[in-house]
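Keep the viewer open and follow each stop.

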Amino acid sequence: MSVAVSTSAPLPPASDTNMVTSTFSLVDYVVFVLLLVLSLAIGLYHAYRGWGRHTIGQLLLADRKMGCFPVALSLLATFQSAVAILGVPSEIYRFGTQYWFLGCSYFLGLLIPAHVFIPIFYRLHLTSAYEYLELRFNKAVRVCGTVTFIFQMVIYMGVVLYAPSLALNAVTGFDLWLSVLTLGIVCTVYTALGGLKAVIWTDVFQTLVMFLGQLVVIIVGSAKVGGLGHVWDVASQHGLISGIELDPDPFVRHTFWTLAFGGVFMMLSLYGVNQAQVQRYLSSRTEKAAVLSCYAVFPCQQVVLCMGCLIGLVMFAYYQEYPMSTQQTQAAPDQFVLYFVMDLLRGLPGLPGLFVACLFSGSLSTISSAFNSLATVTMEDLIRPWFPHFSEVRATMLSRIIAFGYGLLCLGMAYISSQMGPVLQAAISIFGMVGGPLLGLFCLGMFFPCANPPGAIVGLLAGLIMAFWIGIGSIVTSMGSGRAPTPSNGSSFSLPSNLTAVTMATLMPSTTISKPTGLQRLYSLSYLWYSAHNSTTVIVVGLAVSLLSGGMRGRTLNPRTIYPVLPKLVALLPTSCQKRLHCKTHSQDLSVDTAVFPEKVSNGMLRGSRDKEAVDVPEEGPAHQGISPTFIVQETSL
């Protein structure tokens, strides 16, 4: 089935009986409260274990002693929000299984961080990912990156707290502000007091609850409609099982190329350079453990994607036999799954509560990661560089205060979200719009030794302008034409396995019979290409400005901040090909050695490709704390 041409399969007929909003039984409330109590208990246990002896390293990086398993589950949980749990099944129900091919992007989307980003970040012994930007460029670029990230996450955490609570309130009658306040307060307490270790271990518990809640829905639902085989047959008969759509058009919402390759850039913006994920890599006890945790996320992501897709198919088969009520047919897409679960699990005490606990687990894990990463970048990038002589006690206390402050800000953002109305869509979309330019900024620094600070700043600004231009332009165009901004080219809260994809989907204008032209054509670019488009803009503009401003000539270049792309590629060629192309391997090319392999240089001196002398620069300042001595090239021909 071509998702580009067809919309979802027809909705089943509605029953004449209006559905009464479902209510929780006492057992459901007990299950839900248990989730909150256990999450808080795990966080407080790690907070009070060793209270008074905590250092800033223990609070922000779990003392760099975390194992592979908890880090992997925490990586998975960080962007597996309640929005995603509600969104993926709704996407499958409405548009078919084409979205399933997003799983193809997970391979490169996790392999590249494991072998490119993690080694560089880990060996530099960073605390914040944005410290890298100062080591590679300068302090101004670091501050620009940090401020961009803070803006992104502040918008994000308010929306991810409010939106699922709103959907839950509409379907179950669960008190809106009670759920918002409960989530916000529980998260704030255990994140601020327990630090990253508390966040990671509560993530582990909450991930297991998410798996269990979704598994219950699949088992009970498939049993009621005659088994998974029948579910697949019904979906096939109604054209819901999609084939491989090989249309290369980037303006088609979902094709194999869009999902498998456009999705790689989306994954890189999340698992490669996002502080919430980088912080977990850096908390691992060894670099090997960090890489293994990234590998371990791959099968977990595939399982999560499959479970979401199966819930969507089970929901479709269920409503072929049990017609929807009028209330359900008029519901927003993000409410489909909740209505289905309340229908399905009615009469089974405790199971509706388990699914709500599953949703709240998604929100808790996502919001706590946001709090912790925001506290880290604020402390390490905006405070400690200017006040480097803070004692450990004062720094630890200040970090906790900052985390509490972001918790209160999150509640404030949730309230603002409730007052925004249609503008809420734009607020949700901002998170996705910012990820691509930040990815481009890090790639510019790692892969292009000639890139300089002016190029990095101008490139980042160009990427952000491009992202907001296309994103906001798309929303304005949709509103101006009177179309609903929840079309076949995107649906609010309706698609992906992470908030970035969901938010980008809300930007897409609805599909009409005639193809859009001009700027409207640009605004219909598939949301999965947004990260690729915006990160490429940063790189192209950044390189152009860098070359026009003299590159790195006369500036210092830390060779440990560069990933040796050319030597790696040349080393893969057969020796005969290398000789035929007059290429030298990285072990033979002196100019490459001097730029990226300082460990090969003896006697404390490094020579460039033009035999320029290099200086052994002492490590000074907070940006260099914990980094082993490196040689800085005064001038390079790369």
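Lysine 65 is exposed, because its relative accessible area is 53% and exposed means over 50%. The model is predicted. Lysine 65 forms a salt bridge with aspartate 63. The closest N and O atoms of that pair are 3.4 Å apart. Aspartate 63 has 31% relative accessibility, so it counts as partly exposed.

Why can such residues pair up? Side chains of opposite charge can do so when their charged atoms come close. How many salt bridges does a search of the whole structure find? The search finds seven.

Now turn to buried pairs. Arginine 142 meets glutamate 134 in a salt bridge, with 2.5 Å from N to O. Arginine 142 counts as buried because its relative accessibility is 1%. Glutamate 134 sits at 15% relative accessibility, so it too counts as buried; the cut-off for buried is under 20%.

Next, look at arginine 280 and aspartate 203. Their side chains meet in a salt bridge at 3.5 Å, N to O. Arginine 280 belongs to helix 11 (residues 275-282) and aspartate 203 to helix 8 (residues 176-225), so this pair ties together parts that are 77 residues apart in sequence. Arginine 280 is at 0% relative accessibility and therefore counts as buried. Aspartate 203 also has a relative accessible area of 0%, so it is buried. Salt bridges with shared partners join Glu134, Arg142 and Asp381 into one network.

Alanine 77 lies in helix 3, which spans residues 68-78. Is alanine 77 buried or exposed? Its relative accessible area is 1%, so it is buried. Threonine 207 is 130 residues away from alanine 77 in sequence. In space, the two are 5.9 Å apart, C-alpha to C-alpha.

Helix 5 (105-123) supplies at least two of its residues, and so does helix 10 (256-271). Isoleucine 244 lies in the loop between helix 9 (228-237) and helix 10. Isoleucine 244 counts as exposed because its relative accessibility is 52%.

Key:
Residues numbered from 1 in each chain as written. Predicted model: local features only at pLDDT ≥ 70, side-chain atom pairs only at ≥ 80, totals over all residues. Heavy atoms only, no water. Helix = DSSP H or I, 4+ residues; strand = E, 2+ residues; numbered from the N terminus. Buried < 20%, exposed > 50% of the residue type's maximum accessible area, 1.4 Å probe, protein only. Salt bridge = Lys/Arg side-chain N within 4 Å of Asp/Glu carboxyl O.
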